[in-house]
Amino acid sequence: MNDIHSFARPDEAVVRHLALDLAVDFERQILSGSATLSIDVHDGARELVLDTNGLTIDRVTLDDGSETTFALGDEQPYLGRSLTIAINAGTKSVKIEYASSPEAAAVQWLTPAQTAGGKDPFLFTQSQAILARTWVPCQDTPGVRMTYEATIRVPRGLMAVMSAENPTEASADGVYHFKMPQPIPSYLLALAVGDLAFRSLGRNSGVYAEKPMIEASAYELADTQKMIDAAERIYGPYRWGQYDVLVLPPSFPFGGMENPRLTFATPTILAGDRSLVSLVAHELAHSWSGNLVTNATWNDFWLNEGFTVYFERRIMEEVAGREYSEMLALLGYQDLEATVAELPPRDTHLFLDLTGRDPDEAATKLPYEKGYSLLRLIEESVGREAFDKFLRAYFDRHAFQSMTTSAFVAELREQLLSQFPGSEDKIGVEQWIHTPGIPENAPQIKSDAFTRVEDQVEAFQRGTPAGELATKGWSTHEWIHFLRHLPKNLTREQMAQLDAAFHFTDSGNSEVLHEWLMAAIEHRYETAYDALERFLLRQGRRKFLKPLYQKLAETPEGLERAGKIYAKARPTYHSVSYRTIDQIVK
Ligand code: BES
Ligand code: ZN
């Protein structure tokens with residue numbers, strides 16, 4: 001499989017196992033030590049080619065103890081530099097002594113002030129899509145899998161955790177040993193270090209967080225075990241042993257990241273009422289779609305995310321009911337429409353063409369929601385029973401392998417659609433995958449709950465006072481729908497009435513607050529501007545930051561405000577977020 005985002009040549013020599021030994025230096029903001037790579041070498045190959053980005057390579061030795069020669073290629077934007085190592089016919093492993101740079105894009109080094117505890121520093125990594133190479137020399141392509149083990153040395157008192165078998169208590173000497181016995185692609189390498197605590201949530205689930213956050217985290221994630229059990233009923237055994245969630249400090253740039261055995265999550269899901277936990281269902285679902293069967297290249301990203309959104313909503317249907325999961329689906333469809341309206345048509349195919357581009361650009365809602373729509377259409381065309389049977393067998397057949405879009409389509413035809421005459425033409429899989437926009441046969445999603453919300457928006461517009469709207473018992477998702485459908489021509493006075501009745505500016509629910517702040521900028525509702533600034537300063541989740549900065553940047557005054565806030569906020573954001581916001585505010 002040719003991956004345009006990797007220099008590696010796995011057809012010649014491929015990495016099968018990684019043994020890391022790294023010291024974490026918070027003062028110098030450097031990870032240093034060694035990576036020993038076990039390799040399979042094909043006949044006649046005399047080079048092992050790896051990906052690196054910003055790494056300093058000190059020395060490379062072969063398994064016979066001899067030092068070998070290596071060369072770093074020219075630096076290429078976002079791809080970094082190839083590392084070509086001379087090997088012998090019989091070479092079984094190479095040991096690379098190296099250090100990362102303080103600018104390593106995967107790694108965020110947090111000061112004590114950026115943590116809940118306030119006393120100790122914190123570190124976390126984010127390797128997807130091609131940032132693993134900024135902290136580990138590796139074949140940084142989702143088409144190559146390896147098992148790994150690691151020794152990590154941290155300041156005494158702090159705990160280290162990885163996408164692997166984890167400790168539940170701090171060690172006396174600050175040294176930790178990890179093992180990941182299942183083969184994984186490099187983008188799932190992950191490390192976090194801080195003053196962490198652990199709480200069990202069930203038979204094979206638990207949560208890690210900074211000590212001051214552990215209580216709230218355990219409360220919010222109480223349904224995790226139920227989700228695992230539901231997922232196993234639908235698509236078969238969970239193959240990774242333990243499933244834990246690490247609730248990170250607020251600068252984590254994503255909602256969640258499906259690091260195997262240890263999902264990394266933003267603390268902005270801690271709403272206090274468990275209303276945002278579909279994010280856990282999503283990251284858990286990746287234990288099948290993504291971590292077990294992996295997109296072969298980043299062009300195939302929808303195989304990871306579209307399947308995962310479909311699976312996420314199936315899990316939520318099991319644990320919270322159909323009405324609930326249909327609300328999620330309808331909010332997702334709104335995201336899809338907005339995304340298609342915004343993106344150039346060529347970026348709205350399911351199969352992407354990322355030639356010459358950073359795969360981070362694929363991280364739009366399109367592969368998520370268009371992928372979901374296609375899978376739901378297939379489900380509706382052949383029936384849930386047949387589709388589940390197909391998917392379950394698909395995960396089994398391809399467990400611990402990568403998958404291309406074309407191989408998936410071929411298998412879908414052979415194993416499923418062939419048994420349902422006419423289904424292939426009705427669905428039009430090729431059109432979904434290789435043409436832009438939303439095909440006309442996209443499933444129609446209806447939510448009676450949302451229809452009632454729309455009625456209340458209208459009532460408000462016609463003059464019903466905010467306090468008299470029928471909002472009793474609304475869930476977070478109904479509020480989000482309400483806020484997204486506020487009329488464009490609201491006056492500031494009407495915004496103030498809504499705020500007085502529903503206290504949006506003071507909302508402790510990050511999703512609700514985000515929608516409200518978008519409306520506040522739109523309608524120049526200045527009362528909320530302090531809250532807007534605080535929100536941009538206290539969390540670094542790109543999904544919230546990007547639309548808010550973009551909205552501000554629509555007017556000269558807004559852009560000036562954004563610039564002032566960003567000057568303070570930028571040093572607290574992870575590279576994934578500040579690289580995106582730099583393009584909006586600078
Ligand atoms: N794997 C993604 C996060 C990701 C995508 C990181 C692309 C780097 C590149 C993760 O599973 C995800 O989709 N997270 C979402 C949450 C989800 C509920 C849609 C997010 O962070 O918003
Ligand atoms: Zn995902």
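Tutor: Let's start with arginine 524, which lies in the loop between α14 and α15. Keep in mind that we're looking at a predicted model.

Student: Okay, what is the phi of arginine 524?

Tutor: General idea first: most residues other than glycine have a negative phi. Here, arginine 524 has a positive phi of about 50°, and it isn't a glycine.

Student: Where does arginine 274 sit?

Tutor: Arginine 274 is in the loop between β18 (262–265) and α3 (278–285). Arginine 274 is another non-glycine with a positive phi, about 60°. With a relative accessibility of 27%, arginine 274 counts as partly exposed.

Student: Now peptide bonds. What is the omega from glutamine 128 to alanine 129?

Tutor: As a rule, most peptide bonds are trans. The bond from glutamine 128 to alanine 129 is cis, with omega near 5°. You'll find alanine 129 in the loop between β9 (122–125) and β10 (146–153).

Student: Zooming out, how many helices and strands does the chain have?

Tutor: There are 18 helices and 20 strands. The chain's radius of gyration is 24 Å, close to the 25 Å that the globule rule gives for 586 residues, so it is as compact as a globular protein of that length. Along its principal axes, the C-alpha trace spans about 80 × 65 × 50 Å.

Student: What share of the residues is buried?

Tutor: Of the 586 residues, 60% count as buried. For contacts, take pairs at least 6 apart in sequence: 71% of those contacts join residues at least 24 apart.

Student: And the surface: how much of it belongs to carbon and sulfur atoms?

Tutor: The accessible surface comes to about 22,900 Å², and 48% of that belongs to carbon and sulfur.

Student: Last one: how far apart are the mean positions of the positive and negative charges?

Tutor: For the 57 positive and 81 negative charges, the mean positions are 2 Å apart.

Note on methods
Residues are numbered from 1 along each chain as its sequence is written. Chains are lettered from A and ligands numbered from 1 in the order in which they are written. This is a predicted model: local features need pLDDT of at least 70, side-chain atom pairs count only at pLDDT 80 or more; totals for chains, interfaces and linings use all residues. Side-chain values use heavy atoms; hydrogens and water are left out. Helices (H or I, at least four residues) and strands (E, at least two) are DSSP runs, numbered from the N terminus. The radius of gyration is taken over C-alpha atoms; the globule rule is 2.2 Å times the number of residues to the power 0.38. Buried means under 20% relative accessible area, exposed over 50%, partly exposed in between (1.4 Å probe, protein chains only). Contact means heavy atoms within 4.5 Å. Accessible areas come from the Shrake-Rupley method with a 1.4 Å probe; for residues, only the protein chains shown count as cover. Lys and Arg count as positive and Asp and Glu as negative; His and the chain ends are not counted. The place of a charge is taken as NZ of Lys, CZ of Arg, CG of Asp or CD of Glu.
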